[in-house]
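Colleague: I would like to learn how to read a model like this one with some care. Could you take me through it, giving the general idea before each case?

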Amino acid sequence: MACNAQTHLSNEELRSELERYSGEGSNSIVERIKTAQPLERKQIVDAIVEMAKEDAGRVTVPFRGNDGNDNATTRARDTILRVGYILSEAGQEDAILEAFGETYMRIEPDTRGALALSLAKCKDPRALQLIDESAREGKRQTDPRLKITS
């Protein structure tokens, strides 16, 4: 029986791998998650979830885009979108919900919309509820008939 031992990635190495993730190659982080032993898989996924939670807090204000004024926000946005994609491709639905369940509605709309693609791959009804709630909120904000005035 072949041993599939892999070395443990530090948080810095994991963040670096997330930043350069392209979705290609057998050594991709998705493949690493899929082929890792349960303990290592949990460690990798938990670390990715924590990074996503941390970075989600940086994109809860209106995202200024790639105008060069806020590189940290741009990197945070890219990271959470990659995390969403990686976790959905690796079949880690609970991890996606853990990473974004509490912050999803506070993430700025463009990033939230892009992240919805990863959530939509989940079979868990909670993910679809987040997307639905976000769509309803967007509708309320854009349709003057649905706006609530104080």
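Modeller: In the protein chain, residues 24 or more positions apart account for 63% of the contacts with a separation of 6 or more, a contact being heavy atoms within 4.5 Å. This is a predicted model, in which local features need pLDDT of at least 70 and side-chain atom pairs count only at pLDDT 80 or more, while totals for chains, interfaces and linings use all residues. Residues are numbered from 1 along each chain as its sequence is written, and side-chain values use heavy atoms, with hydrogens and water left out.

Colleague: How many helices and strands does the protein chain have?

Modeller: Helices (H or I, at least four residues) and strands (E, at least two) are DSSP runs, numbered from the N terminus. Here the count is 7 helices and 0 strands, and 39% of the 150 residues are buried, where buried means under 20% relative accessible area with a 1.4 Å probe, protein chains only.

Colleague: What span should helix α4 have?

Modeller: The expected span is 1.5 Å times one less than the number of residues. For the 19 residues of α4 (residues 71-89) that gives 27 Å, which agrees with end C-alpha atoms 27 Å apart. Its buried residues include T79, V83 and I86, and among the elements covering the buried residues of α4 are α1 (11-19) and α3 (38-56). Just after α4, G91 takes a positive phi of about 75 degrees.

Colleague: Which residues of α1 are buried?

Modeller: An α-helix has 3.6 residues a turn, so residues three or four places apart point the same way. In α1, L14, E17 and L18 are buried. They cover an arc of only 100 degrees around the axis (taken from the directions from the helix axis to the C-beta atoms), which puts them on the same side of α1.

Colleague: At what angle do the axes of α1 and α4 cross?

Modeller: Axes are lines fitted to C-alpha atoms, for helices over the stretch in contact, with angles from 0 to 180 degrees between N-to-C directions. Those of α1 and α4 come within 9 Å and cross at roughly 85 degrees, so the two helices are roughly perpendicular, a term for 65 to 115 degrees. R15, L18 and E19 of α1 make the contact with R75, T79, R82, V83 and I86 of α4.

Colleague: Is V59 buried or exposed?

Modeller: V59, in the loop between α3 and α4, is buried, with a relative accessible area of 0%. Not counting residues up to four places away in sequence, V59 touches, among them, T73, A76, I80 and I107.

Notes:
Buried means under 20% relative accessible area, exposed over 50%, partly exposed in between (1.4 Å probe, protein chains only). Angles under 35 degrees count as roughly parallel, over 145 as roughly antiparallel, 65 to 115 as roughly perpendicular and the rest as oblique.
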